[in-house]
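Student: I am new to this structure. Please take me through it in questions and answers.

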Amino acid sequence: MVERLGQFFRDRFSHWVYRRLPPSRSVSLNNRSLFIFPSKAGFGFLLLILLCWLVATNYENNVVFAITCLLVSVFMVAILHSFSNLSGLTLSFARATPAFAKEQLVVDVVLHQEQPRYRETLSLSFVGEDAVITTLGDHEEIRIKVPLYAPRRGLYNPGRLTLESVYPLGLLRVWTKVDLDISCLIYPQPVFDSPKTFVANSRGEGLLQVGDGSEDFVGLNEYQTGDSLKKVAWKQYAKEQGMYTKHYADYQDERIWLDWDDYPALDREARLSRLCGGLLQVSGTDKAYGLRLPGIEILPDNNEAHRLKVLRELALFEVPNRGQAGDEKVRGQSV
Amino acid sequence: MIPAWQIHRNALVWLLLAFAAVILIHSAHLPNWITLAALVAVIWRVQRYRGVWPTPSRWVKLSLLAMCVAGLFLEYGKLTGLEPMVALLVSAYTLKLLEMEHRRDALLVVFLAFFIAAVQALFDQSIGNAIYILGCILLIIAALVGLHQGDVLLSTQSQALFKSHALRPLKKGLVILLQAIPLMILLFIIMPRLGSLWAVPIQSHSAKTGVTDTMSPGDYSRLGRSADLAFRVSFDGEIPRQHQLYWRGLVLSDFDGRQWSRSGLDSYSGRDLNDGGFLQWFGKSIQPWDSLIERLGQPIRYSVVMEPSQQPWLYSLPTPVPQSTGVALTRDFWLLSSAPVTAKTQYEVDSWLDYKVAANDLSNYRQSIELEIPPGYNPRTVELAQRWRRETSNDKALIRKVLGLYNEQFVYTLQPPLLGKHSVDEFLFDTQRGFCGHFSSSFVFFMRAAGVPARVVAGYQGGERHPDNYLLVRQYDAHAWAEVWIAGEGWIRVDPTAAVAPERIEANLEEALGDNEGFLADSPLSLMHFRHINWLNSLRLKLDSLNYSWARWVLGYDSIQEDLLEKWLGAYNPLRIALALLIAGGGLLGLLALWQLRHRFSSKHDELDRVFLRLCQTLEKAGIPRETGEGPRAYAQRVAEQRPDLARQVKGINAVYEHMRYGSEGQERLKVLKNAIRRLK
């Protein structure tokens with residue numbers, strides 16, 4: 001019950017915080033956007049103050065009383081110091097290096113200050129991710145790489161970025177949760193599993209097999225539901241060696257097509273993963289390659305820009321609102 | 001990379017320094033083996049960091065803990081007093097330092113350090129000690145900052161930067177401490193004191209000092225060797241004359257042939273008590289026996305700050321009426337505190353120097369107390385007393401006769417000969433050399449033997465007048481005199497010492513003794529030895545003045561807080577206090593916040609504007625003022641035309657200025673610009 005009540009208040013608080021701090025690519029930190037509350041150690045310190053006060057009062061000892069007052073006063077002054085450790089910083093989203101799904105993604109965040117001064121032990125993290133700890137020396141600006149996990153293909157908004165610090169005394173935690181309107185491009189998770197995708201011909205040239213052809217027998221694959229019965233290797237089946245399908249390859253010229261239709265049996269994401277894997281393999285060679293997706297065709301070519309263009313298409317294929325990355329998924333997470 | 005929860009070198013150094021400082025200040029009352037163990041812990045900790053010694057295993061830690069508890073038990077016999085409890089706390093602190101691994105362990109160590117440093121003030125409240133504790137707190141805060149500061153190894157950007165800033169925790173700690181002090185003073189002044197909530201264990205091992213409630217003839221010569229302070233007094237008006245300064249402490253009425261002792265609460269039980277109890281507390285109802293005192297004229301008001309004596313009696317001029325809570329007037333008209341004086345204590349008293357006590361009648365039970373002499377002692381004195389009784393016409397004549405005897409034949413000395421069983425006989429007829437104890441003791445015995453009610457009064461006499469108009473009373477001012485009851489006049493003071501050494505009363509003990517008498521022999525380092533060296537003497541008086549202000553305004557603040565706040569706030573009630581705290585505290589914090597966040601209000605461009613203004617002023621002095629609306633570049637051009645010798649410099653400055661104003665140049669160039677302008681002059 002208490003827990004649910006606590007959750008309720010945390011939710012309300014998060015809601016309030018998010019309304020105060022709408023998404024923006026750059027946020028300056030001030031008393032509107034910074035929050036401050038005693039840390040666990042801070043509560044320990046308050047307990048210490050209470051103990052000292054009890055000693056001072058019971059022994060009627062004014063020196064202990066003065067020390068108690070000093071500790072209270074140090075706590076109050078620490079509020080200002082903790083606050084000014086973050087206040088006046090500007091946080092902005094620089095770029096996110098595109099990554100493949102299920103891998104680590106790195107978001108570059110820039111910390112900027114007008115007047116150079118020390119800002120110690122700033123911790124940056126996305127919800128549920130490891131924190132990066134940094135210190136701003138007498139620089140006006142530093143760029144920090146914040147790592148996070150890329151969950152799935154598409155445009156990804158990792159949610160609120162938490163910047164926090166307990167410097168100088170660890171008694172108070174100052175933090176902000178900003179939505180830097182980050183959108184990271186995440187490519188499909190590459191899959192390299194299928195032997196049919198990439199074979200070497202007799203001339204020793206690597207060519208991509210495009211679709212199931214009819215010219216040369218390539219090998220046997222385990223039967224999967226949906227495979228044409230015409231291609232089943234009945235000989236093997238009769239020998240009770242299992243159900244296989246025979247595969248033939250059509251060899252084309254040196255222009256390779258990464259084609260959606262090559263994987264009729266797979267769902268969208270599996271097809272994209274295989275196309276991505278194929279792309280990674282073929283882009284290492286000097287062959288020109290193209291991409292065919294339903295409604296999209298990129299003519300074969302081979303250079304870095306082309307590769308990125310193909311990857312981008314794979315990443316954004318059938319992604320809703322691909323122009324923007326408004327993502328409300330962070331709502332409800334505790335601050 | 002070291003995980004963030006580990007304790008890095010910079011934090012460890014400050015933790016160890018703070019630890020050493022806190023242990024050092026406690027070592028005076030700690031058993032030596034704990035101090036030694038703490039030292040070993042520090043060494044172990046350093047060696048552990050260097051990877052030379054291992055982390056203590058769980059069994060080692062447990063057995064160390066058991067050894068500490070057992071050792072403390074052997075040392076003190078119990079664990080409930082103040083010293084054993086603090087010693088236990090210190091051992092816990094030591095063991096925790098040894099085993100700390102993570103940052104949260106270190107936090108516990110830091111909190112323990114704060115507490116142990118604060119508790120030290122229970123043992124010593126002097127100003128020097130308070131300053132030392134403040135230093136400890138600075139080190140502890142530095143350790144706390146160190147714990148939360150980036151590590152050398154954690155910083156990926158500039159290792160050199162961090163290495164050159166090993167002192168930064170101390171600097172940051174100092175800034176925080178200094179900023180905290182105004183608010184601390186405010187809280188100290190305003191926060192109400194609640195008074196003791198429950199009984200607490202007190203110090204048990206400190207020696208009792210000063211006048212005790214028993215007196216053997218030789219006792220006072222011991223005090224005569226000590227220059228330690230007994231108490232300080234400041235009077236609302238003039239300090240009374242020296243011979244009026246009889247600081248009454250105890251009345252000693254019981255004599256067992258050897259030693260005088262007080263007839264306390266017990267000796268009243270079973271007797272005729274129809275005139276009230278023994279004590280009359282300040283603020284409580286008046287006891288019937290209060291009417292025995294006739295107070296004549298105007299009282300004088302003074303405030304006494306007692307040094308710790310570990311005894312409950314307080315000192316006052318006769319006849320006193322206490323004006324502070326926790327102080328009682330006894331039936332014998334001396335003052336008693338509700339608890340032994342274990343720390344500096346301040347109390348206020350009204351005294352009527354002109355008085356009559358029990359002038360008309362002395363009740364039977366008092367007569368029996370004040371006339372009692374043990375049978376079989378001092379037969380020669382008894383015989384002489386009774387003879388003189390018959391020879392003199394009245395009590396006063398008898399007193400004069402005895403004092404005359406002292407005056408003619410006796411010697412006042414700090415080094416009297418030892419006395420046997422019939423001490424009064426031997427003193428009066430054989431040795432005739434003695435200190436105030438001998439004189440008062442023999443005098444009172446003589447009076448009682450002659451049938452005149454008499455008693456010994458113990459306390460202090462005189463005191464040193466400080467230029468700041470207060471009085472310093474030291475242990476060597478300890479004194480014993482007599483009170484004699486005379487029908488129609490009541491109890492009157494008779495000081496037999498004054499008969500033999502009047503300068504003791506009119507001046508001080510040193511005058512009375514002359515050289516080679518062992519005066520201050522127990523205080524070899526006392527500045528009192530150098531009173532004849534002028535500048536040392538004025539230094540001594542200044543130091544004492546500081547100590548006295550500390551005792552009066554800080555240690556004894558409780559007793560003046562209410563009046564002071566009432567004067568400042570108009571009324572002393574919770575609402576006013578809360579408001580004052582909010583307004584003054586908020587104001588202080590607001591000012592601090594402005595100071596702390598001042599960077600927010602000046603940007604790079606503001607600074608740049610100031611620099612440009614300075615350039616314009618410099619050039620104006622050189623005779624080329626900037627015209628209204630003239631842009632920097634046009635201005636620079638004009639200056640270059642008029643002063644070709646400056647052309648290169650001014651154009652250079654302008655170039656940097658434009659870069660900074662319109663480009664993305666950082667702060668570094670500002671210094672270049674400032675220097676260039678300075679060179680222009």
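Confidence, fold and backbone

Tutor: Among the elements of chain B in this predicted model, helix H7 (residues 159-163) has the lowest mean pLDDT (55) and helix H6 (residues 127-148) the highest (94). The pLDDT is the predictor's confidence in each residue, from 0 to 100. Helices (H or I, at least four residues) and strands (E, at least two) are DSSP runs, numbered from the N terminus.

Student: Over which residues of chain B is the pLDDT below 50?

Tutor: The stretch in question has 12 contacts in the model beyond near neighbours in sequence, where contact means heavy atoms within 4.5 Å. The pLDDT is below 50 over residues 152-157 of chain B.

Student: What is the mean pLDDT of chain B?

Tutor: In chain B, 89% of the residues reach 70 or more. The mean pLDDT of the chain is 83.

Student: What are the ground rules for numbering and for what is counted?

Tutor: Residues are numbered from 1 along each chain as its sequence is written, and chains are lettered from A and ligands numbered from 1 in the order in which they are written. The model is predicted, so local features need pLDDT of at least 70 and side-chain atom pairs count only at pLDDT 80 or more, while totals for chains, interfaces and linings use all residues; side-chain values use heavy atoms, with hydrogens and water left out.

Student: How many helices and strands does chain A have, and what share of its residues is buried?

Tutor: The secondary structure of chain A comes to 6 helices and 19 strands. Buried means under 20% relative accessible area, exposed over 50%, and partly exposed in between (1.4 Å probe, protein chains only). Of the 335 residues in chain A, the buried share is 50%.

Student: Is A:Asp181 buried, partly exposed or exposed?

Tutor: A:Asp181 is found in the loop between S11 and strand S12 (184-187) of chain A. Its phi is positive, about 55°, although it is not a glycine. At 34% relative accessibility, A:Asp181 counts as partly exposed.

Student: Is B:Phe333 buried or exposed?

Tutor: B:Phe333 sits in the loop between strand S10 (327-330) and strand S11 (335-337) of chain B. B:Phe333 is not a glycine, yet has a positive phi of about 65°. Because its relative accessibility is 6%, B:Phe333 counts as buried.
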